[in-house]
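Hi there,

Here is the structure I promised to pass on to you. Have a look at it first, and then read on for what turned up in it.

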Amino acid sequence: MTSRPDVPDEWIDRITAVLDAFPECVRDRAWVGTRWRVRGSTVAHVFGGEDQLFRLILRAEPGEVPAFENLGHPYFRTDWGANTVGIVIDADTDWDEVTELLTDSYCVQAPESLAALVERPDPDGS
């Protein structure tokens, strides 16, 4: 069996810095890697795969899922549940994009009362 690499601490710290700003979002160890949850719902899960690639799994708005299916690497759709998508992270990862994805994932998973407290980027970029 091939071993899974540990996600670099720097990447865990970057993800944590984003998600710690959101109400009731907590970090814990997952069956592999690290996950962040809000009231029991997983917001993000990062882990190293047996193929030695690192993946960040998140939730997306239903209308965004087709983009993950069609954009190609580093984006992908998973079969881990409704609207579950992912991005392969590496030294070239756009962390601003990851921040937006994490914010969206939190707002999808959090109760409306908590999601309403989070400032989200304007979808038209203005």
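Let's start with helix α3, whose buried residues are Trp 95, Val 98, Leu 101, Leu 102, Thr 103, Ser 105, Tyr 106, Cys 107 and Gln 109. Please keep in mind that this is a predicted model. Helix α3 covers residues 95–109, and its length can be checked: at 1.5 Å a residue, its 15 residues should span 21 Å, and the end C-alpha atoms are 21 Å apart, which agrees. What caps the N-terminal end of α3? Asp 94 does, with a side-chain oxygen that lies 3.0 Å from the backbone nitrogen of Asp 96.

Next, the sheet. Here 6 strands form an open sheet with antiparallel pairing, and their order is β1-β2-β3-β4-β6-β5. At the edges are β1 (25–29) and β5, each of which pairs on one side only. On average, neighbouring strands of this sheet are turned by 20 degrees against each other, if direction is ignored. Helix α1 (residues 9–19) packs on the sheet, where it touches β1, β2, β3, β4 and β6, and its direction makes about 5 degrees with that of β2. Helix α3 lies across β1, β2, β3, β4, β5 and β6, and runs at about 40 degrees to β4.

You can follow the strand pairs one by one:

- Strand β2 (residues 34–38) is joined to β3 by 5 bridges, and the two run antiparallel. Trp 36 has Ala 44 in β3 as its bridge partner.
- Strand β3 (residues 41–48) is joined to β4 by 5 bridges, again antiparallel. Phe 47 stands opposite Arg 55 in β4. The hairpin of β3 and β4 has 5 residues between the strands, and there Gln 52 takes a positive phi near 75 degrees.
- Strand β4 is joined to β6 (residues 84–89) by 6 bridges, and these two run antiparallel as well. The partner of Leu 56 in β6 is Ile 87.

Is strand β4 largely enclosed or largely open? In β4 (residues 54–59), 5 of the 6 residues are buried, so this strand is largely enclosed by the rest of the structure.

In soluble globular proteins, nonpolar side chains tend to be buried together. In this model, the largest nonpolar core has 32 residues, and Leu 19, Leu 56, Leu 102 and Tyr 106 have the most contacts inside it. Two or more residues come from each of α1, β2, β3, β4, α2 (65–71), β6, α3 and α4 (112–115). Which element gives the most to this core? Helix α3 does, with 6 residues. Take Leu 102 as an example: leaving aside neighbours within four places in sequence, Leu 102 is in contact with Ile 15, Val 18, Leu 19, Phe 22, Val 43, Ala 44, Leu 56 and Leu 58. There is also a second, separate core of 5 residues, which includes Phe 47, Ile 57, Phe 76 and Val 88.

Two threonines are worth a click. Thr 78 is in the loop between β5 (75–77) and β6. Is Thr 78 buried or exposed? With a relative accessible area of 12%, under the 20% cut-off, Thr 78 is buried. A polar atom of the Thr 78 side chain lies 3.2 Å from the backbone nitrogen of Trp 80. Not counting residues up to four places away in sequence, Thr 78 touches Ile 57, Thr 84, Val 85 and Gly 86.

Thr 84 is in strand β6, and is buried with a relative accessible area of 2%. The side chain of Thr 84 makes a polar contact with the side chain of Arg 59 at 3.2 Å, and reaches the backbone oxygen of Gly 81 at 3.0 Å. Leaving out residues up to four places away in sequence, Thr 84 touches Ile 57, Leu 58, Arg 59, Arg 77 and Thr 78.

Pro 62 and Asp 94 are 32 residues apart in sequence, and 23 Å apart in space from C-alpha to C-alpha.

Enjoy exploring!

Best wishes

Conventions:
Residues numbered from 1 in each chain as written. Predicted model: local features only at pLDDT ≥ 70, side-chain atom pairs only at ≥ 80, totals over all residues. Heavy atoms only, no water. Helix = DSSP H or I, 4+ residues; strand = E, 2+ residues; numbered from the N terminus. Expected span 1.5 Å × (residues − 1). Buried < 20%, exposed > 50% of the residue type's maximum accessible area, 1.4 Å probe, protein only. Polar contact = N/O pair within 3.5 Å; in protein donor to acceptor, adjacent residues only side chain to side chain. Pairing = 2+ DSSP bridges. Contact = heavy atoms within 4.5 Å. Axes fitted to C-alpha atoms, helices over the stretch in contact; angles between N-to-C directions. Core = buried A, V, L, I, M, F, W, Y, C linked by side-chain atoms within 4.5 Å.
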